[in-house]
Amino acid sequence: MKFKMAFAILLFTVIASSYSQELKSPKFGKGLFNLVGKDSSWTMKIGTRFQFLASNLMSEGQSPETNFLIRRARLKFDGFAVSPKLKYKIELGLSNRDMSGVTPFTRNTPRYVMDAVIKYNFYGNFVLWVGQTKLPGNRERVISSANMQQVDRSVLNARFNIDRDIGFQLRHHFTLFNNFEVREIFALSQGEGRNVVTGNLGGHQYTGRIELLPFGKFEGKGDYFGSDLKREQTPKLAIGVTYDHNNNAVKTRSNMGSWMETDTGFYETNINTLFIDAMFKYKGFSLMTEYADRDAPDPIAKNSDGTETGDIVQVGTGINIQSGYLFKNNWEVSGRYSYVKLDEITGKAPDKQYTLGFSKYIVGHSLKVQTDFSFIDFNDRTDQYLYRLQFDIHF
């Protein structure tokens, strides 16, 4: 079904272009092709990518678990309509992992839509985003899965990220002095995550983020991709702080995790998440750090008679430190340390992960091979060793 849909979209686009559009062939990694309206009143760039992942998980005294997986497979459409000030982006996820999370709240249908968002630069440096896309959460999550420094994101991201949601975002930026740039973002969203079609179930989610770039902008928006592929000739630093308040949240990880259902409906509690992060790059060296903290006033879900349902908000803290050096032959070595400590009420022990990674960038992030080895230190059970190998191609 998913392949038929993807084929139909591409076929329709090609047929339409033969009648009224100008077809342009961009270089590798810049889309499959670009469509431009006859009067140049709209454009559309069409791209696709996929990741093949092989992994081997080993635990003492147990047989290794080997897995081959199409980790991600995406179709992406972006451009402008009527005016370059009115941009849009549509991204569809076609792999099983992309579509996972089917529930009655998504009408038991695959979650194809990753992003469907309009971006309107309505005045000066103000841009209004409307639709479904990533919230302005932790930096590691906002960095595209196509542009990661290692095979996948850290355990901090797995426990605390606030991912995508549907709603509004207002973005603004200004220069404080010299090249010192300041960016502000405010988001109002539904609060239950992507592709929920049953309407708002709890309260709404409010997210605010501020970013400081004291040495000016990164080359090619390098503060939001892994590795220093642009080899910054002067030091560049970006510092970000996000505070997220999900009012009357009904899921265990803000707009992520499992639904907290009770004998009378949903358990609701306010969930607050704080992120502090930084990205530094200079002449092939990169360093990214993150801190996360989540709390809730009453994190244990209860039925109407006060009995516990078994659902608990995943409150706690985490840190992630990741660094790498890109050699002139486009080989990179990277290392990562991640530590997550959830509150004792969650019943989960602290989790430490140490990862050593190697990457070969053939055509930047558009064509690369990555491998990494992780030691996972659990306090309450046998340690694990994870080896991964991933191929990534991006048109």
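This is a conversation about a predicted model, going through some of its side chains.

Visitor: Why is Lys230 called partly exposed?

Guide: The relative accessibility of Lys230 is 48%. Buried means under 20% and exposed means over 50%, so Lys230 counts as partly exposed. Lys230 sits in the loop between strand S10 (205-213) and strand S11 (236-249). On the surface, Lys230 gathers with Lys27, Lys30 and Lys45 in a patch of positive charge.

Visitor: What makes Phe52 and Phe68 an aromatic pair that is tilted?

Guide: A pair of aromatic rings is described by the distance of the centres and the angle of the planes. For Phe52 and Phe68 the centres are 6.0 Å apart and the planes are at 50°. Phe52 belongs to strand S3 (residues 43-59) and Phe68 to strand S4 (residues 65-81), and the two are 16 residues apart.

Visitor: Why does Phe68 count as exposed, and what is Phe52 called?

Guide: Phe68 has 61% relative accessibility, and the cut-off for exposed is over 50%, so Phe68 counts as exposed. Phe52, with a relative accessible area of 29%, is partly exposed.

Visitor: How do you know that Phe177 and Phe180 form a tilted pair?

Guide: Their ring centres are 5.3 Å apart and their planes are at 55°. The distance is within 6.5 Å and the angle is between the limits of 30 and 60 degrees, so the pair is tilted. Phe180 is buried because its relative accessibility is 15%, whereas Phe177 is partly exposed at 48%. By the ring rule the count comes to 16 aromatic pairs. There is also an aromatic cluster formed by Tyr337, Tyr354, Phe373, Phe375 and Tyr385.

Visitor: What makes Tyr123 an exposed residue?

Guide: Tyr123 has a relative accessible area of 60%, and over 50% is called exposed, so the word applies to Tyr123. Tyr123 is found in strand S6. Tyr123 is one of the residues of a nonpolar patch on the surface, which has about 940 Å² of accessible area together. Strand S6 (113-123) supplies the largest share of this patch, 4 residues.

Visitor: Why is Phe77 called buried?

Guide: Phe77, a residue of strand S4, has 6% relative accessibility. Buried means under 20%, so Phe77 counts as buried. Phe77 and Ile90 are 13 residues apart in sequence, yet their C-alpha atoms are 5.0 Å apart in space.

Visitor: How do you know that Asp152 forms a salt bridge with Arg71?

Guide: The closest N and O atoms of Asp152 and Arg71 are 3.4 Å apart. A salt bridge needs a side-chain nitrogen of Lys or Arg within 4 Å of a carboxyl oxygen of Asp or Glu, so the contact between Asp152 and Arg71 qualifies. Asp152 is buried at 15% relative accessibility, and Arg71 is buried at 12%. The structure holds 21 salt bridges.

Visitor: What makes the contact of Arg183 and Asp223 a salt bridge?

Guide: The distance from N to O is 2.9 Å, and the limit is within 4 Å, so the contact of Arg183 and Asp223 is a salt bridge. Arg183 lies in strand S9 and Asp223 in the loop between S10 and S11, so this pair ties together parts that are 40 residues apart in sequence. Both Arg183 and Asp223 are buried. Salt bridges with shared partners join them into one network with other residues, including Arg139 and Glu181.

Methods
Residues are numbered from 1 along each chain as its sequence is written. This is a predicted model: local features need pLDDT of at least 70, side-chain atom pairs count only at pLDDT 80 or more; totals for chains, interfaces and linings use all residues. Side-chain values use heavy atoms; hydrogens and water are left out. Patches are made of residues with over 30% relative accessible area and no salt bridge: like charges are joined within 9 Å, nonpolar side chains (Val, Leu, Ile, Met, Phe, Trp, Tyr) within 5 Å. Accessible areas come from the Shrake-Rupley method with a 1.4 Å probe; for residues, only the protein chains shown count as cover. Lys and Arg count as positive and Asp and Glu as negative; His and the chain ends are not counted. The place of a charge is taken as NZ of Lys, CZ of Arg, CG of Asp or CD of Glu. Buried means under 20% relative accessible area, exposed over 50%, partly exposed in between (1.4 Å probe, protein chains only).
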